[in-house]
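The following note collects points that a colleague may wish to check against the coordinates. Each numbered paragraph takes up one part of the chain.

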Amino acid sequence: MSDLDDAPQPEIAIQIKNTKLLKQVGVAVRRPRLRRSCVKGQADEDTKHWEFVLYAFSDSSELTNLETLLVQIVPSRCYLPADLGQEPHVGDSKKLHSLLKTLDVANVYTKKNLFKETNLESNLGRLLGAASMAAYKNELDMELATGSLACLIGALELMSDAEGFGCYTLREGNLSSAMQLDSSAIWSLNLLPDPANKSTTRYGGSVLEILNRGKTPMGRRLLERWIRQPLVNLKDIHERQNIVQIFVDDTSLRMELLDECMKALPDLERLGITLEKKKNVKIDDLVNVYDAAKGAIPRILSLLSNYEGECASIMQDKYTTPLTKILNDLSGYVELIEEVVDLDTRPNLVVNAKHDEDLQALRNEWNDVLADIEDEHRNARETIGGDIKCEKDKVREFVFRIINTKEEARISKLPYVHICQVLVSGVQFTTSKLKALAGEHRRIKQEYEKRQANLLNAAIDVATTYVPVLEAATSALAELDVLLGFAHAACHAGSGYCRPTLEENGECVVLTSSRHPCVELQDQVDFIPNDYHLVRDDSRFQLITGPNMGGKSTYIRQLGTIVVMAQIGSFVPADVARLPVFDKLLVRVGAGDLQQRGVSTFMMEMLEASAILHKATDRSLVIIDELGRGTSTYDGFGLAWAISEYLLNKVRAMCLFATHFHELTALAQEHPRGFTNKHVTAVAGDKQITMVYQVRDGACMESFGVHVAAMAGFPASVIACARRKSHELESFGIKPSSSSSKRPAESDCSGSAPPKQARVAFAHAFAALPLVDLPADEAVAAVRSLLVANRLEAASPPV
């Protein structure tokens, strides 16, 4: 959620229609729209302050596409048909409630008749300010989405607000306009700070904190939106990279912009919202915008205008031309503030008294009282003696302070002196005359503020006409702040970043000496860089084995994090980086029990794995960590094998899969092209193990779990027993050794690979299971029955 509590937030309405194979989803979104720079009431005014966006798409039973949309939009409220609230723990309602709760979205149930399109076209015509709806034929043909739009219009009572007529736009949204992420990817890859962890440091906790090296709150908000919606348009990515490159190469320009200009900018986004609402607007708010228009923005424009490098045209189109227009539009605002506000009274700003005779009389009284206070100050220095200063005080208006605290005993004996308090910085006191003058000063000031209220309100009314200019300034300056932060991070975060080469239809991932951006900044961590080399036809699926604590999880997550950084336009932590543009990033790592929702570890794994099988394309990146741990060894192995083959052969997505099922390494024999084994290295002795944290080619057939237990301080007898039992169990199974590539015709549950026909049949059947619509125990039973039916497991009672 936004840190702007008073800011209008996106709101959505959702309809879901069940069909034979898939669910059809219609979503309508109402959200604020940034206007171009203009002044209200002028000929070029942009009146479109709001926008409606309609989405219509097919979805699986897990509603994974809807989750992606919610992650991108971050709505504050979701309107649903009332029938979904009648059975909140069944079917679609159960999944929706789970999604909305996870993403902290409030749900509101409305009457179902609000989703009917009665009078929708005429209502839309008034809201859009359109005489004809012919131009919106495609949008109006989206039946489910327009029903949701009708609900939004009715639930928000938009037709009762005549001021909103003509203030809306309408367009069709596209899920594929940005890389698709789900909430699992956001939190598993540490892209955003964990809201439950308030103790994260500025750098090293998340990607947002690492890249947020700008100076403005509006820049930070924009960066979060970028992380939620990574780009898929190569031209847009290159444009951001080019600007970052300018600031990486020109250190003096970058530092002058950051330290002297961006740091001096107020939060224009917040100020614009405050002015638009005309609620609690203070004279200081008006002057903060004035200071930006007179100081920081012209300085930024001057610095950018003087840039004459290779990308000068980009700089001009993105910033110089828009900022010139913004300053021209703000010229009237500057004149307004200079006329209305007495800027000489800083820091206690007041309205200029020349506009009102009574106000001028009060101003004269005010000046007389200030002169009398100064006279009393001089008198105190002469009669009392010592180094006496006159200071403003929140409680007493004015007090004297004598620096030498030893003087307290002497001055307290004077009959007209009253000691206020003794501080380290000196003794605060007042005199009878100063106390009276301070009271008079307070009375005049309060009367002045009361008298100036009408003039100030009139000035605020005029200032609100410049809100679209502030919105345009926010858009340009927030983007500039984020890209300056990217450049600063590229030069100073960790061991430095490189500019990645992205390819629209790239067939390989190549990273040299890459590092995890969060882990490398942690205290007392000497990070070991690693390389990646995935080629679509030869090594798109990489299985990573090796010891616990060896760095497998860090290695696979690191790639996902770097991909997101690259597609938001940032440089990445590596010496060389070459990446394709991915359409989706699908992550299955570290599932835990969600007991409050009746979902176990295994069920959560199955839901996430099922979502990946439904959503992944050949242009997706899939990251899987330890799939199959939540059930029996044979169940888990069978699932992991079948899912791996499905992703490898059917989907053909690039995938990193970390596992302790060493039998999966036999996939290399079955699929010599497309599959590759990797392992993390370790050096094991009799009593300890040393992690090397390097990823190398080939498989590792040991997990060194007992060694790790010994390092954790287990009793010697427990370690001895564990080693003995481990050796006994190893002697029962048939290891898929490299000495024989011959595969048995059927699985005997000994750890050897299942037959291909059974694995393929299982993968297709598993992908079609409506897991979210089943209670947890029935879902687990359904998966187990598939395993038995396809001869991947012997029939046995559930564990």
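**Notes on the predicted model**

1. T110 is found in strand β5 (residues 106-110). The structure is a predicted model, and in it T110 counts as buried because its relative accessibility is 8%. Setting aside residues up to four places away in sequence, T110 touches Y79, L80, P81, A82, F115, C151 and A155.

2. A sheet deserves attention next. Six strands make up an open sheet, in the order β18-β19-β20-β16-β21-β22, with mixed pairing. The edges are held by β18 (584-588) and β22 (689-697); each has a single partner strand, so one side of each is left without a neighbour in the sheet. On average, neighbouring strands of this sheet are turned by 15° against each other, direction ignored.

3. Within this sheet, β16 (residues 541-545) and β20 (residues 654-658) pair in the parallel sense, over four bridges. Q542 stands opposite L656 in β20. Helix α21 (residues 552-567) packs on the sheet and touches β16, β18, β19 (620-625), β20, β21 (675-684) and β22. The direction of α21 makes about 155° with that of β19. Helix α22 (residues 601-615) also packs on the sheet, touching β18 and β19, and its direction makes about 160° with that of β18.

4. Which kind of pairing joins β9 and β10? Strand β9 (residues 388-393) and strand β10 (residues 397-402) pair in the antiparallel sense over six bridges. The two strands form a hairpin, with three residues between them. K392 stands opposite F398 in β10.

5. Aromatic pairs number eleven in the structure. The rings of W50 and Y168 have centres 6.3 Å apart and planes at 20°, so this pair is stacked. Since W50 lies in strand β3 and Y168 in strand β6 (residues 168-172), the pair ties together parts that are 118 residues apart in sequence. W50 and Y168 are both buried. Ring pairs also bring in F52, linking W50, F52 and Y168 into a cluster.

6. A further aromatic pair belongs to the sheet strands discussed above. The rings of F541 and F657 have their centres 6.1 Å apart and their planes at 40°, so the pair is tilted. F541 is in strand β16 and F657 in strand β20, and the pair links distant parts of the chain, 116 residues apart. F541 counts as buried, at 0% relative accessibility; F657 is likewise buried, with a relative accessible area of 0%.

7. Does the length of helix α10 agree or disagree with what its residue count predicts? At 1.5 Å a residue, the 16 residues of α10 (residues 234-249) should span 22 Å, and the end C-alpha atoms are 22 Å apart, which agrees. N233 caps the N-terminal end of α10, where a side-chain oxygen lies 2.9 Å from the backbone nitrogen of K235. R36 is placed in the loop between β2 (23-32) and β3 (50-59). At 48% relative accessibility, R36 counts as partly exposed. The C-alpha atoms of R36 and T47 are 9.6 Å apart in space, while the two residues are eleven apart in sequence. Leaving aside neighbours within four places in sequence, R36 is in contact with D44, E45, D46, P468 and A472.

8. Most residues other than glycine have a negative phi, and most peptide bonds are trans. V74, although not a glycine, has a positive phi of about 55°. V74 is found in the loop between α1 (64-73) and β4 (77-81), and is buried, with a relative accessible area of 17%. R652, also not a glycine, has a positive phi of about 65°. R652 has its place in the loop between α23 (633-651) and β20, and is partly exposed, with a relative accessible area of 31%.

9. The peptide bond from R346 to P347 is cis, with omega near 0°. P347 lies in the loop between β7 (341-342) and β8 (350-351).

Notes. Residues numbered from 1 in each chain as written. Predicted model: local features only at pLDDT ≥ 70, side-chain atom pairs only at ≥ 80, totals over all residues. Heavy atoms only, no water. Pairing = 2+ DSSP bridges. Axes fitted to C-alpha atoms, helices over the stretch in contact; angles between N-to-C directions. Contact = heavy atoms within 4.5 Å. Expected span 1.5 Å × (residues − 1). Polar contact = N/O pair within 3.5 Å; in protein donor to acceptor, adjacent residues only side chain to side chain. Buried < 20%, exposed > 50% of the residue type's maximum accessible area, 1.4 Å probe, protein only. Phe/Tyr/Trp six-rings, centres within 6.5 Å; stacked < 30°, edge-to-face > 60°.
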